[in-house]
Amino acid sequence: RVLSFLGRYGNIGTEPAQLLAYVRALLCLDTPPRNVCEVGLFEGHSAVLFLALTARQVATYVSIDPHEFGFSAAVQEFLSMRFPGRTVFIRGLSDTQLNATKNPSLSHCNVWSLDGDHHPSAVARDGGNALHASPHVDMILMDDVTDSETTIHRNTHGRTHGRCSVTLGAWGAVKASAGKAFSASNCSFAGSKYGTPAYCSAWCIGLTRAPGSGLRRLR
């Protein structure tokens, strides 16, 4: 039952190229991140990555997640015990909780990871809300994005669709919702996911500050 359940989902732990890209992104920021915020906690794989990478500066990790799975409480307990005093878990959906007035801790985020609802319109909404809530954000990371048409195509033909063109469309919507051009932006495609090969492995990294105050090298 466990293998069947996990087989329907992917996580960053099964995607080596994405893991390394996120590591480079966080470690190459001119200013080390002090507050990493994320939409989507799930099993906590990316949370562990972000917390481990920012251990030297004792950065805070904040997640927004509905906590609807049976393992959600155990994930929070593990992260709280492994990284004491560094985690904040906001329960709910991002369309209502990604608001600095309601959750003041979000105003301090300088890195955002968008990994919740993978529909393009939802990702664009989260991106705009993140930039509005966090005026000092330096970098946004976006995980794979899909929609019903792409999912149907994958299920029918067992292969990726248009090199994850839906991801590019969603990333364009995120940048448009920012109200300004990103100083640097890059999307990567690594073919089929290792963990869930029916889905494409894709992610995007964007900087919101001028060159010289963000990534030294964006790859």
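Which residues is Leu-98 in contact with, leaving aside its neighbours within four places in sequence? They are Val-39, Ile-64, Leu-106, Trp-112, Asp-126, Asn-129, Ala-130 and Ala-133, where contact means heavy atoms within 4.5 Å.

The model is predicted, so local features need pLDDT of at least 70 and side-chain atom pairs count only at pLDDT 80 or more, while totals for chains, interfaces and linings use all residues. Residues are numbered from 1 along each chain as its sequence is written, and side-chain values use heavy atoms, without hydrogens and water.

Leu-98 also belongs to the largest nonpolar core, which has 26 residues; Leu-98, Leu-106, Trp-112, Leu-114, Ile-140, Met-142 and Trp-171 touch the most other members. Such a core is a set of buried Ala, Val, Leu, Ile, Met, Phe, Trp, Tyr and Cys residues joined through side-chain atoms within 4.5 Å; buried means under 20% relative accessible area, exposed over 50%, and partly exposed in between (1.4 Å probe, protein chains only).

Two helices (DSSP runs of H or I, at least four residues, numbered from the N terminus) pack against each other as follows.

| Helix | Residues | Residues in the contact |
|---|---|---|
| α6 | 120-133 | Pro-120, Val-123, Ala-124, Gly-127, Gly-128 |
| α8 | 165-177 | Val-166, Ala-170, Ala-173, Val-174, Ser-177 |

The axes, lines fitted to C-alpha atoms over the stretch in contact, are 8 Å apart at an angle of about 30°. α6 and α8 are therefore roughly parallel, a term for angles under 35 degrees.

Leu-168, in helix α8, is partly exposed, with a relative accessible area of 45%. Leu-168 touches Cys-187 and Phe-189, not counting residues up to four places away in sequence.

Terms used:
Axes fitted to C-alpha atoms, helices over the stretch in contact; angles between N-to-C directions. Parallel < 35°, antiparallel > 145°, perpendicular 65-115°, else oblique.
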